[in-house]
Amino acid sequence: MKILVTGGLGFIGSHAVVELLDNGYEVVVIDNLYNSNIDVVDSIKKITGKDFSFYQNDVCDLGVLEKIFNEHTIDAVMHFAGYKAVGESVKKPILYYENNLVSTLHLCKKMIEHNCFKLIFSSSATVYGEAKILPITEECEVGGTTNPYGTTKWMIEQILKDITISNPNFTVMVLRYFNPIGAHKSGLIGERPNGIPNNLMPYIVRVATGELEMLSIFGDDYDTPDGTGVRDYIHVVDLAKGHLKALEKAISSQGIYYYNLGTGTGYSVLDLVHNFEKVNHVKVPYKIVERRPGDIASCYADPSKAYKELGWRAELGIEDMMRDSYNFILKQKDY
Ligand code: WQD
């Protein structure tokens, strides 16, 4: 089977491409390198020993999509391409709504024109907004999003639901990620945000290498065990494997399905700092500062539906995540 992976050179997309190739799928990647690097192509080939087709283009480009679907018989699509920085989305809403919505609409249009009816969509736990109950299940209310990025994910979920209603052949697996971190054990692919990282894990690793001076912990007065924010961190390789399980189900199903991809365990900011220091034998200096606007105290999944219906659950633990994150950054910097 041949799978089109949009955003396939990105952090999560590249790990999904590795799992697809390792499991015998043929892969076609489209990526405009907005938040990725061309050298990821070689890294994926080095890890898997397999080749794949790559188009350095934008998913919004109907002509390129037409070309890809004419040159390849695509059996299913994994759609990772999209802008995903919460803070940037607040500053640039038009950019985020245009890119994330138009790319998805054009992709679905071309899929249907070319009789490709299986879509795995990269959604996010942000569609739940500030969850009223924990752990979060797929039945929890969605739509209380607090930033344009999260709202694009919620809007796209609505769009995809409407498409499945209009076209019973069209099958969608909506995968709601919690907090993906970590890296492939080879250290050849991982999370490489451009500029100063917004997210916790890429910041911690750069403090550990000395590239950044100190971690600022955004508040220690939340209603959590140690006062710092609690999140459901999931190893990116576990997340990638969840996509293959969702793909298997999509092939034999019709309609739209929603799954939380998390571990079900919440860790605080200080938990991560302490685990990182213990596993990697390195200090991570930090200071407590004001809360970050828009942050919530706790967010973690009830992942039981994915286990029951997909036969998937996270297998890697917090220490694997800490070790693999640091191993990646060290390989990148040749420390
Ligand atoms: C985690 C915790 C911060 C940085 C975001 C997106 C979400 C998803 C995952 C795409 C919080 C604290 C962070 C720092 C800190 N991405 N923190 N100092 O906000 O849970 O989720 O990434 O889908 O859409 O919203 O992740 O890593 O930014 O924050 O103290 O320098 O770490 O307050 O408690 P978040 P994060």
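**Exercise 1. The ligand site**

A backbone N or O atom of S216 lies 2.8 Å from a nitrogen atom of the ligand. The model is predicted. Find which side chains place an N or O atom 2.6 Å from an oxygen atom of the ligand, then describe the shell.

*Solution.* 
- Step 1. Take Y149. An N or O atom in its side chain is 2.6 Å from a ligand oxygen.
- Step 2. Take R231. Its side chain also has an N or O atom, 2.6 Å from an oxygen atom of the ligand.
- Step 3. On its own it has 690 Å² of accessible area, and the protein covers 89% of that.
- Step 4. List the shell. There are 18 residues around the ligand, and Y149, L200, S216, R231 and D295 come nearest.
- Step 5. Sort the shell by class: 8 nonpolar, 7 polar and 3 charged residues.
- Step 6. Strand β8 (residues 215–218) supplies 4 residues.

**Exercise 2. The nonpolar cores**

Which residues have the most contacts inside the largest nonpolar core?

*Solution.* 
- Step 1. Recall the background. Nonpolar side chains tend to be buried together in soluble globular proteins.
- Step 2. Read off the core. It has 38 residues, and V5, L20 and M78 have the most contacts inside it.
- Step 3. Follow M78. Beyond four places in sequence, its contacts include V5, L20, I120 and L247. T6 and H243 are in contact with M78 too.
- Step 4. Look for another core. A second, separate one has 28 residues, including L4, Y55, V59 and C108.
- Step 5. Compare the lists. L4 belongs to the second core, yet L4 is in contact with M78.

**Exercise 3. Two residues compared**

*Solution.* 
- Step 1. E26 is found in strand β2 (residues 26–30).
- Step 2. Beyond four places in sequence, E26 touches M1, K2 and I3.
- Step 3. N275 sits in helix α9 (residues 269–280).
- Step 4. With residues up to four places away left out, N275 touches I318, E319 and M322.

**Exercise 4. Backbone features**

Where is the cis peptide bond? Next, examine the positive phi values of N115 and H281.

*Solution.* 
- Step 1. The cis bond joins L134 and P135, with omega at about -5 degrees. P135 is in the loop between β5 and α6 (148–166).
- Step 2. N115 has phi near 55 degrees. The residue lies in the loop between α5 (93–113) and β5. Its relative accessible area is 59%, so N115 is exposed.
- Step 3. H281 has phi of about 50 degrees. Its loop runs between α9 and β13 (286–289). H281 counts as exposed, at 73% relative accessibility.

Definitions and conventions
Residues numbered from 1 in each chain as written. Predicted model: local features only at pLDDT ≥ 70, side-chain atom pairs only at ≥ 80, totals over all residues. Heavy atoms only, no water. Core = buried A, V, L, I, M, F, W, Y, C linked by side-chain atoms within 4.5 Å. Buried < 20%, exposed > 50% of the residue type's maximum accessible area, 1.4 Å probe, protein only. Contact = heavy atoms within 4.5 Å. Helix = DSSP H or I, 4+ residues; strand = E, 2+ residues; numbered from the N terminus. Near = heavy atom within 4 Å. Polar contact = N/O pair within 3.5 Å; in protein donor to acceptor, adjacent residues only side chain to side chain. Areas by Shrake-Rupley, 256 points an atom, 1.4 Å probe, with all protein chains shown as cover. Nonpolar A, V, L, I, M, F, W, Y, C, P; charged D, E, K, R; others polar.
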